[in-house]
Structure formats: C-alpha cells, structure tokens
Amino acid sequence: MNIYIAIILMALVTYIIRVLPLAVFRKPITNKFVRSFLYYVPYVTLSVMTFPAILNATGSITLGACGFIVAIIFSLYKGSLPLVALVSCLSVYVLELFM
C-alpha cells in the first residue's frame, strides 16, 4: 500500500512543478536578476551532475581531479571539445600507468 502512496505523491509533485510556472507567470519576466538566474540554471545543473561523475570515473578521485584540471587548463587555450576530452583522457591514462 505504501508504494502506491509514494507513486501518487511523486506524480503530484512532478505535476505541480510543471504546472505552477504556467499558472503563476503569465507575463514575461522583466526583473534582470531573475532572468539572469534562470539563464544560468541549465549550466549549473549540468555542472552539478557532471562534476561528481568526472571525479568518480577512475579508480581514484585524485586521478579524476588531475584529468579535470588538465581539461580546464587545455580548454582555456581554446581547445575544441573533442580535443580537450582526448587530452584529459590521455593524461588520466598516462597517470594511471605510473600510479
């Protein structure tokens, strides 16, 4: 019986989250702070989901952090996304051989 209550509650919460913005915000949002906040939400969400996966992708958090640092440094020099991914993966692979 508890599983059905949990399913119904999850469905209601999901429905409310999707319908509430349609019901509350009928006019365009003009507040600059709110607009900029909403603009960055997808980027923050993607970062929050990706960062733990980067650290836990290898057997060691240290190696994952090293690959992350290499990717950041290489991306600052305008490297393309496939090239940054390749260099960071290779750096983790080489470091893993020596550790």
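Mentor: Here we go through some helices, a few residues and a pocket, one label at a time.
This is a predicted model, where local features need pLDDT of at least 70 and side-chain atom pairs count only at pLDDT 80 or more, while totals for chains, interfaces and linings use all residues. Residues are numbered from 1 along each chain as its sequence is written, and side-chain values use heavy atoms, with hydrogens and water left out.

Trainee: Why is Ser-91 called buried?
Mentor: Its relative accessible area is 17%, and buried means under 20%, exposed over 50% and partly exposed in between, using a 1.4 Å probe and protein chains only. So Ser-91 counts as buried. You'll find Ser-91 in helix α4; helices are DSSP runs of H or I with at least four residues, numbered from the N terminus.

Trainee: What does Ser-91 touch, leaving out residues up to four places away in sequence?
Mentor: Gly-67 and Val-70. Touching, or contact, means heavy atoms within 4.5 Å.

Trainee: Why does Leu-83 count as partly exposed?
Mentor: Leu-83, in helix α4, has 40% relative accessibility, and that value falls between 20% and 50%, so partly exposed is the label.

Trainee: How do you know whether Met-49 is buried or exposed?
Mentor: Met-49, found in helix α2, has 56% relative accessibility, which is over 50%, so Met-49 counts as exposed.

Trainee: Why is α2 called oblique to α3?
Mentor: The axes of α2 (residues 32-55) and α3 cross at roughly 125 degrees and come within 7 Å. Under 35 degrees is roughly parallel, over 145 roughly antiparallel, 65 to 115 roughly perpendicular and the rest oblique, so this pair is oblique. Axes here are lines fitted to C-alpha atoms, for helices over the stretch in contact, with angles from 0 to 180 degrees between N-to-C directions.

Trainee: Which residues meet there?
Mentor: Phe-51, Ile-54 and Leu-55 from α2 meet Ile-61, Gly-64, Ala-65 and Phe-68 from α3.

Trainee: What about the largest pocket: which residues lie nearest its centre?
Mentor: Ile-54, Gly-67, Ala-71, Ala-85 and Ser-88, out of 15 lining residues. A pocket is an open set of points on a 1 Å grid over the protein atoms alone, where a 1.4 Å probe fits, with protein on both sides within 12 Å along at least five of seven lines; lining residues have an atom within 4 Å of a point. Helices α3 (61-76) and α4 (81-98) each supply at least two residues of that lining.
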